Amino acid sequence: MSRVLLFTGKGGVGKTTLSAATAASLAAHGRKALVVSTDPAHSLGDALDVRLGAEPSEVDGSGGLFACQIDPRGLVDEAWGDLRGHLRTVLAGAGVDELDAEELTVLPGVEELLALAEVRRLASSGPWEVVVVDCGPTAETLRLLSLPEAFAGYLERLFPTHRRVVRGLLAGVAGTGTVEKWDATADALSRLAERLDALRSMLTDSSSCSVRLVLTPERVVAAETRRTLTALALQGIRVDSVIANRLVPSPGAARGAAASWLRTRRHEQDAVLAELTGIGEIRTVDHRASEPVGVPALLEVAEQLYGDSDPLPGAAVSETLLEVSGSGRGLDARYSLRIALPLADDTELDLARVSDDLALTVDGRRRLVALPSLLRRCIVTGAEMDSGGVTVGFRPDPSLWR
């Protein structure tokens, strides 16, 4: 499996340029690199100054840099068409109106999901050491990265794993003919579920996949970046770098109206970056006089971005999202569950106990966190939040210790 680097950020911050520059730098240092665009507004070909298609093609003749722009519509026609046909047949056989069956098999987000599955296919089957992905704007990317888990949950509820139960149900409702059609549908769904499991494994494995967030030094963009860091951590997806793009050059001791403007603007940008505390190192790239188009210009951007360091850091050790501590025995025991998340002062947080899970909602994004077995027989006593995460208190539930 190739290493996967996902570049995302608010629209217009320059993520396409930086993802292309990173891939070009990797290739220049002897690694085979593929840069892929999943952004619906494809501009990767413009940045590389080449014409790109859905299949990877060599960019500069060096044998190291390849690129392509994924066509989600074509993937839907190829991969989802047959499965939709199976589902419509089964639903119609079970008495669902044909028009209703057509609407029920149109699932939101399937195009983006298949685009992400194509990234994984390229990473697992191609000769590349690294696959660099130019993702869409942040909001679309967050939805994209949460789709494998959400989609898998949808399939499990609609078509349970214990398909013998469903098979028997369909036999009673629609006869044995429908059962045979269900078998074909179930096989197709099983293949899709396997792809979803593989996607989730790839996204949450910090040794094979990580995200690089691109921002411009503006308060609105920086605020969105903080929220994105939290949302990705909530999904168990690692961010390995934050890149501040388009810093205006310092005018030094120059005088005049233009120098004064540059000095003021750079001071504002430095102040914004100074407020992004607690998120690790921030790499910076200056605003260039001319637009970087083509491999030579992109390599100049990469040189400033990475300097002498490796654009592809080594495999990182996954950070522990959950950590349990406590003391005491029996009903006198007190436990704490630490959930590591980067949180801003204005983060809106909500916690709720749902059976053996803790429903954690951060700025409107919800995730069910499976409680360790020790805490399933406990009740929540309170919670505290700081910039590094949430600490939830627990004590044994007397009704479960009789």
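Predicted model: local features only at pLDDT ≥ 70, side-chain atom pairs only at ≥ 80, totals over all residues.
**View 1. Phe-66 and Trp-128 are both buried.** The structure holds 1 aromatic pair, and Phe-66 and Trp-128 form it in an edge-to-face arrangement. Their ring centres sit 6.2 Å apart, with 70 degrees between the planes. The two partners come from distant parts of the chain, 62 residues apart. Phe-66 belongs to strand 4 (residues 65-69), while Trp-128 lies in the loop between helix 5 (110-125) and strand 5 (130-137).

**View 2. Four strands line up as an open sheet in the order 9-10-15-14.** Follow the order across and you'll find antiparallel pairing. At the edges are strand 9 (322-327) and strand 14 (378-386), each of which pairs on one side only. The sheet also twists, by an average of 20 degrees from one strand to the next. As a reminder, strands of a sheet pair through backbone hydrogen bonds, either parallel or antiparallel.

**View 3. Strand 14 meets strand 15 over 8 bridges.** Now for a closer look at one pairing from that sheet. Strand 15 covers residues 389-396, and its pairing with strand 14 is antiparallel. Pick out Asp-386 and look across: its bridge partner in strand 15 is Gly-389.

**View 4. Two cysteines, Cys-68 and Cys-378, are tucked away as buried residues.** Cys-68 has a relative accessible area of 0%, and Cys-378 has one of 3%. Both values fall under the 20% cut-off, so both residues count as buried. What about disulfides: how many does a search of the whole structure find? The search comes back with 0. For anyone new to the term, a disulfide is a covalent bond between the sulfur atoms of two cysteines.

Notes
Residues numbered from 1 in each chain as written. Heavy atoms only, no water. Pairing = 2+ DSSP bridges. Helix = DSSP H or I, 4+ residues; strand = E, 2+ residues; numbered from the N terminus. Axes fitted to C-alpha atoms, helices over the stretch in contact; angles between N-to-C directions. Disulfide = S-S within 2.5 Å. Buried < 20%, exposed > 50% of the residue type's maximum accessible area, 1.4 Å probe, protein only. Phe/Tyr/Trp six-rings, centres within 6.5 Å; stacked < 30°, edge-to-face > 60°.
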